[in-house]
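Here are my notes from going through this one; have it open next to you as you read.

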Amino acid sequence: MLADHAQAMHRVCFGAEPSDADLELLGSRERWLVYRDLVRNRLNHVIRVALARTKHAIGEDAFARVVDEWFSIGSPKTRYLRHVPGELTEFAIPIWQRTEAPWVADLAGYEITAWDVRHGPPNPTPTHEFAFDRKPVLATAVKVLHLAYPVQNKPTSDAGYAPEPTILCLYRDKNHKPIPRKLNPLAADLLDTWRTTDQTVAESVQQVAAAHNTQIGPDFIEKLSTLIADFIQRGIILGGHSPTL
Amino acid sequence: MTRDVAGIGLGLRHDLATELLERHPKSVAWVEIHPENYIDRGGRYQEMLELAREDWPVVTHGLSTCLGSVEPFDASYLKELGAFLKDLEIPWHSEHLCLGGVDDRFFHDLLPLPFTDEAAQIASKRLTEVRDAIGIPLALENVSYYAPQGPDGLAEADFVVEVLERADAKLLLDVNNIYVNGRNFDFDPKAYIDRIPAERVVQIHVAGHFVRDDGVRIDTHGEPVPNEVYELLDYALRKVGPVPVLLERDNNVPPLDELLSEVDELWKIYRNATWADDAG
């Protein structure tokens, strides 16, 4: 039966050790081990490209053990090869939080966020210019990341990173590269509000400023204007939509 | 409305796209893309496709529809694929006659189906389902395989023809895959091509392959096209006529000029075999 055949192929390709019974069912031990290598090599390649710094930090053997464990209990649910590293990371980060240096999980999170931003969906097309009485239209490939360690920088010593709470906005620049930009907590909340709600800019600014106990005075307005101008210049803010859209 | 696709095309791959799109060589008549690399993806891939479409007709070649899988299709993906393909004005879409996943898990490789009546029935039914869902003609591609088949199945060419006829489908004939399989399993590639109904062939793939130390040939798309594959292309074109031919190169991508030399060689074969005088 084709279904039995397919299940055996899956176990041979992703199982910790292919069983003799499966290899016998499929017909050729040597040649099906070729398939096992081909399947795993392709996935390993894209995972290692996406998480190059994490792999370097952990070491090849420890990294490979986690990837092999993921293969054996799950393997990719996505049809998109570019999403495979993200699926692996969902599985691996909780393990690395227990087994590796405390900053490794942040590094893996940073790398996979940068990967997602690089390969994220196309941008929407705004219907209007940016304005305070409109909903802001943001680039699709924008993510806010809260880190305990500044892993966007090179490590300060062989031991890795000293703790330093950091909020980053990662966005895709005009050359399609993921770029980190530091944010303060209020700016991060503002950006998150713009990404996740239908509020106008004016409404969201009032709400976020209130949540941070910040008065909206001339100094605040000046800093907000600078922030918005910077976001527009970087392509993080694309324009606006009418509130009715 | 669709755009005409004829002559020699090249796979639009990230590693060669910058030079290809800047130089726009006249010998490349069209390009092929894998939809999975472009659907819902912005950035460089979106830009590559937009630039390519300004200059060339585009043909699509799927990697993940998995004609041989036993689980129901992901209807949302087929809808997304159909919408993506509709925008591209393509004359047909193609998918591999293989097993790409099981239990909603993907191999990200093209695993062989057993050449059985059951597999032919499943694949032809699924091919019809995909064709109906995307609303565009769908061709299947014969794949390479490395593990021997069981004793109770069909010959590979008979299996492919069985699926084609059951689904009344078109064929993307991969001559490198036929050559690789012929060498790995000791059959005559020309006899395989003789078995294929010529009128079903809408496109041909050509590529190089890797020969392991033990002699097993692996369809890597990472080596230059060997002379034996060029010869098989000539043989196939004389049978099926001037269908478009794609040079596939996905790994070990060399400088563009090396690929264009192969494209020139393909044009020579194409013109000699078909008497075609398309631009190129």
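A quick definition before the points: a crossing of two helices counts as right-handed if the near helix is turned clockwise from the far one by less than a right angle, and as left-handed if it is turned anticlockwise. Also keep in mind that this is a predicted model.

1. With that in hand, look at helix 8 of chain B, which passes helix 9 of chain B in a right-handed crossing. Helix 8 covers residues 227–240 and helix 9 covers residues 256–274; they pack at an angle of about 35°, and their axes are 9 Å apart.

2. Who makes that contact? From helix 8 of chain B you have Tyr230(B), Leu233(B), Asp234(B), Leu237(B) and Arg238(B), and from helix 9 of chain B come Glu265(B), Ile269(B), Tyr270(B), Ala273(B) and Thr274(B). Sorted by class, that is six nonpolar, one polar and three charged residues.

3. Leaving out residues up to four places away in sequence, Leu233(B) touches Val175(B), Ile204(B), Val206(B), Val245(B) and Ile269(B). Leu233(B) is also listed, with Val163(B), Val175(B) and Val206(B), among the residues with the most contacts inside the largest nonpolar core, which has 146 residues.

4. Helix 7 of chain A (residues 104–118) gives the most to it, with nine residues. Domain 1 (2–100) and domain 2 (135–241) of chain A each supply at least three residues.

5. Back in chain B, is helix 6 (residues 175–185) mostly covered or mostly open? Mostly covered: eight of its eleven residues are buried. Just after helix 6 of chain B, Asp186(B) takes a positive phi of about 60°.

6. Last, the chain contact. Here 27 residues of chain B are in contact with 36 residues of chain A. On the chain B side, helix 2 (43–55), strand 5 (99–102), strand 6 (105–111) and helix 4 (117–134) each supply at least two residues. Strand 6 of chain B has the largest share, six residues. By class, the side of chain B that touches chain A has 13 nonpolar, six polar and eight charged residues.

Technical notes: Residues are numbered from 1 along each chain as its sequence is written. Chains are lettered from A and ligands numbered from 1 in the order in which they are written. This is a predicted model: local features need pLDDT of at least 70, side-chain atom pairs count only at pLDDT 80 or more; totals for chains, interfaces and linings use all residues. Axes are lines fitted to C-alpha atoms, for helices over the stretch in contact, and angles run from 0 to 180 degrees between N-to-C directions. Helices (H or I, at least four residues) and strands (E, at least two) are DSSP runs, numbered from the N terminus. Two residues are in contact if their C-beta atoms, placed from the backbone, lie within 7 Å. Ala, Val, Leu, Ile, Met, Phe, Trp, Tyr, Cys and Pro count as nonpolar, Asp, Glu, Lys and Arg as charged, and the others, Gly among them, as polar. A residue is buried if 20 or more other C-beta atoms lie within 10 Å of its own, exposed if 12 or fewer, and partly exposed in between; C-beta atoms are placed from the backbone. A nonpolar core is a set of buried Ala, Val, Leu, Ile, Met, Phe, Trp, Tyr and Cys residues joined through C-beta atoms within 7 Å. Domain bounds come from an automatic or database domain assignment.
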